[in-house]
Amino acid sequence: MAHCPSPADVQSSLISLCQVGSFAYNVWKNIGIGGSVMKRLAWLTDIHLNFLQMPSCVEFLDHVSRQNVDAVLISGDIAEGRTLDTYLGLIDRRLTCPVYFVLGNHDFYYSSVAATRSQVRSLSNLSERLYWLTDGVTVPLNETTALLGHDGWADGRIGGYFNSTVLMTDYLIIDELARADSLTRYRKLNELGDECAAYLSENLPPAFDQFEHVILLLHVPPFKEACWYEGHISGEEFLPHFTCQAAGDTLMEIMSQYPSRQLTVLCGHSHGRGQAQIRDNLLVKTGSAVYGAPSIQEIITI
Ligand SMILES: [Fe+2]
Ligand SMILES: [Fe+2]
């Protein structure tokens with residue numbers, strides 16, 4: 001790596017501003033006073049490493065490592081709940097830059113949202129390389145751009161939830177959603193989407209008070225227009241399970257209040273590549289994915 005700031009450097013210049021509810025903390029770095037400035041980022045999404053044999057998994061991570069980037073961003077669906085810690089450990093060992101990530105629905109399989117988040121919080125706190133963004137960490141990348149992220153969830157509100165025959169695996173093997181009737185599950189999906197919206201309301205305005213541009217990692221597309229699959233926008237049957245209206249509504253409200261600021265959302269989940277310019281200052285990029293063939297979505301220069 002020609003330019004790879006150590007996580008310790010990044011962390012050492014962070015100033016804790018406040019405690020936020022159950023979230024750990026909000027942190028800001030005084031860029032320019034001995035701080036690291038990031039220029040090149042590799043964005044990955046829906047890499048589903050559990051679909052690979054271990055040698056292929058290592059080969060992919062080493063390929064990412066050779067990209068000469070300052071940080072790696074992952075917008076969820078890294079593996080599956082039972083083995084998520086194994087794959088996060090592998091990422092920690094094979095990559096040589098800070099890795100900022102959120103979780104996707106697959107990351108909670110065969111477990112619960114609460115238990116998985118608790119496990120990932122511990123793992124992230126112990127690691128010098130892994131940063132789970134959902135805990136409320138705002139990461140200054142350079143003088144003008146900051147990074148935020150939240151796992152998010154498809155909240156059922158867009159499209160025809162109650163007429164949809166789509167039964168996500170989530171609804172069978174994630175504890176909070178399993179064994180629930182349709183209405184109970186809908187309310188839980190709403191709640192999970194609302195959590196993401198609350199995170200955005202709490203963290204995005206303060207970020208825009210200091211930074212011109214925010215990159216936001218979400219797993220689930222926050223708008224119908226960003227829910228790409230095979231070159232098209234997903235239909236009414238799939239939209240409830242692949243979009244988060246609560247997050248989208250909140251982003252629209254915040255971006256109307258900050259017309260001179262720019263937001264770039266990086267998401268996945270629908271596995272179809274596309275982008276949607278929702279407002280002049282709000283761009284959503286959705287990543288493509290094929291099980292068993294992870295890829296780098298983009299090398300982003302900031
Ligand atoms: Fe996925
Ligand atoms: Fe997903």
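Reply: A residue is called buried if 20 or more other C-beta atoms lie within 10 Å of its own, exposed if 12 or fewer do, and partly exposed in between, with the C-beta atoms placed from the backbone. This is a predicted model, in which local features need pLDDT of at least 70 and side-chain atom pairs count only at pLDDT 80 or more, whereas totals for chains, interfaces and linings use all residues. Residues are numbered from 1 along each chain as its sequence is written, and chains are lettered from A and ligands numbered from 1 in the order in which they are written.

Me: What makes V113 a buried residue?

Reply: V113 has 22 other C-beta atoms within 10 Å, and the definition asks for 20 or more, so the residue is buried.

Me: Which residues is V113 in contact with, leaving aside its neighbours within four places in sequence?

Reply: They are F108, I174 and E176, where contact means that the C-beta atoms of two residues, placed from the backbone, lie within 7 Å. V113 itself lies in helix α4, residues 113–126, a helix being a DSSP run of H or I with at least four residues and a strand a run of E with at least two, numbered from the N terminus. V113 and L177 lie 64 residues apart in sequence, with 9.4 Å between their C-alpha atoms.

Me: Why is strand β8 described as mostly covered?

Reply: Six of the six residues in β8 (145–150) are buried. T145, L147 and G149 point one way from the strand, while A146, L148 and H150 point the other way, and all are buried. In a regular strand the side chains alternate between the two faces of the sheet.

Me: How do you know that β7 and β9 each pair with β8?

Reply: Two strands pair if DSSP finds at least two bridges between them. P140 has A146 as its bridge partner in β8, and the two strands form a hairpin with four residues between them. Between β8 and β9 (residues 213–218) there are six bridges in the parallel sense, and H150 stands opposite L218 in β9.

Me: What makes β6 and β15 the edge strands?

Reply: The open sheet consists of five strands in the order β6-β5-β4-β3-β15, with mixed pairing. β6 (130–132) and β15 (296–301) are its edge strands, since each pairs on one side only. Strand β3 (residues 40–44) runs antiparallel to β15 and is joined to that strand by five bridges, with L44 opposite I296.
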